[in-house]
Amino acid sequence: MILTGLDIACFRNIERLSLEPHPRLNLITGDNGSGKSTVLEAIQCLSTGHSFRTRKARELIKNHEPCFTLNARFTDPDTAREHRTGHSRQRDGSVELRLDFHEMGSMAGVTRMLPVKALTPDSHKLIQEGPDERRRFLDWGMFHMEPQFFDEWKQFRRSLSQRNQLLRDAAGIDEIRSWDVLFAEASESIDDMRRKYVARLALALQRRLADVEGRFHVKLGYRAGWNDEQPLSELLVRHLDYHRRMKTTTDGPHRAEMTLQCDGVPCKQILSRGQQKVLVYLLHLAQLDLLRENGSRQGVVLCDDLTSELDRAHGQEIIRQLLQLQSQVFVSGVDLVELKLHDHKEFHMEHGQVKNVV
Ligand SMILES: Nc1ncnc2c1ncn2[C@@H]1O[C@H](COP(=O)(O)OP(=O)(O)OP(=O)(O)O)[C@@H](O)[C@H]1O
Ligand SMILES: [Mg+2]
């Protein structure tokens, strides 16, 4: 997808701002606190309803204003069709959402139409933090590549939450087991998609790692979240007593894990922070490779303070790989001198306003 127009109103320190982005490379420059990351957050919020810095959309509303409003035009380069989306959020949490002039009841339709990938200074959390981040990362890829993934995921979440509620309420065995079939079906299907996805991602990552200096050998792995030598439906019966005692379902895709190892040791333990950042950026780029291979919609890529903490060689390699993507990219940074050598548009920010377009 290519964003062709973006209007932002009352979003963090931005009162009103309109941009007509470049189809490939957009540089958002300016001093600290000028609003560079805010522009990137606005683009992500249009796609997902929250930003890479907060899941609490309320924080994004400009102080002393009742709501923020975002509007965008974007084009699908494959079909040349232009789309429009609008998103307005009030302080009381009420949201107005439009896609091509239709009111939308949830973000999913817009997210599917306008995939956005954010590479941020916190990206290394994918390695450093718990498995939730990594499951979210995998699910992002499948949401955009597998048409049936979202329905299966909703069925899994709903049946898990109902089953867990019954376990907490110490409900009868038959009542608890009445959710097992739905839960096990959706779980096995998600597991199958995740397993195949990780195998493809591992190959795409190897291709991207091949050109990185001081190349480190990373092995991606996957664990289902239950002992998958037997069907989950049977395991749910065998473990029912345990689940009742624990008052929660301890087997299922919500316990799955994507593992990252370097020479047999978890990457978290062995890679430096800069190396972790490089690895995470390449994992994200590998996800974009899979979207392209699959013929799925291309994501808009946001890079907030891309090369901070990276040495020159690694920073340049990441920039090189980023610019090779066929995607539209928005990069924020204080000056971004090296990127200005490439065909681009620069938006220089001051106090929440674009002062100069080059
Ligand atoms: N809800 C809000 N209302 C008004 N201003 C806000 C709100 N949230 C954040 N701000 C302010 O918006 C400004 C822009 O922040 P932003 O993080 O976009 O700057 P930046 O240009 O990315 O800076 P840096 O170079 O430090 O990364 C900050 O000064 C921040 O205090
Ligand atoms: Mg910033």
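Which residue stands opposite Met258 in β10? Tyr222 does. This is a predicted model, in which local features need pLDDT of at least 70, side-chain atom pairs count only at pLDDT 80 or more, and totals for chains, interfaces and linings use all residues. Residues are numbered from 1 along each chain as its sequence is written, chains are lettered from A and ligands numbered from 1 in the order in which they are written, and side-chain values use heavy atoms, with hydrogens and water left out. Helices (H or I, at least four residues) and strands (E, at least two) are DSSP runs, numbered from the N terminus.

**Ligand 1**

- The shell around ligand 1 holds 16 residues, and Asn32, Gly33, Lys36, Ser37 and Thr38 come nearest. A residue is near a molecule or strand if one of its heavy atoms lies within 4 Å of it.
- One residue of that shell is nonpolar, eight are polar and seven are charged. Here Ala, Val, Leu, Ile, Met, Phe, Trp, Tyr, Cys and Pro count as nonpolar, Asp, Glu, Lys and Arg as charged, and the others, Gly among them, as polar.
- Lys36 places a polar side-chain atom 2.7 Å from an oxygen atom of ligand 1. A polar contact is a pair of N or O atoms within 3.5 Å; within protein, one must be able to donate a hydrogen and the other to accept it, and residues adjacent in sequence count only if both atoms are side-chain atoms.
- Backbone atoms take part too. A polar one of Glu59 is 3.2 Å from a nitrogen atom of ligand 1, and a polar one of Asn63 is 2.9 Å from a nitrogen atom of ligand 1.
- Alone, ligand 1 exposes 650 Å², and the protein buries 71% of that. Accessible areas come from the Shrake-Rupley method with a 1.4 Å probe; for residues, only the protein chains shown count as cover.

**The sheet β9-β10-β11**

- Three strands form an open, antiparallel sheet in the order β9-β10-β11. The edge strands, β9 and β11, each pair on one side only. Two strands pair if DSSP finds at least two bridges between them.
- Strand β9 (residues 218-223) pairs with β10 over six bridges. Arg223 has Glu257 as its bridge partner in β10.
- Strand β11 (residues 265-266) is joined to β10 by two bridges. Gln261 has Pro266 as its bridge partner in β11.
- Five of the six residues of β10 (residues 257-262) are buried. Buried means under 20% relative accessible area, exposed over 50%, partly exposed in between (1.4 Å probe, protein chains only).

**Positive phi**

- Most residues other than glycine have a negative phi.
- Asp263 has a positive phi of about 50° and sits in the turn of the β10-β11 hairpin, which has two residues between its strands. Asp263 is exposed, with a relative accessible area of 62%.
- Leu336 also has a positive phi, near 60°. Leu336 lies in the loop between β13 (329-332) and β14 (345-350). At 14% relative accessible area, Leu336 is buried.

- Helix α4 (residues 131-145) has 15 residues and reaches 21 Å from first C-alpha to last, close to the expected 21 Å. The expected span is 1.5 Å times one less than the number of residues.
- Of the 15 residues of α4, 11 are buried, so the helix is largely enclosed by the rest of the structure. Among them are Arg134, Phe137, Trp140 and Met145.
- Gly30 belongs to strand β3 (residues 25-30). Gly30 is buried, at 1% relative accessibility.
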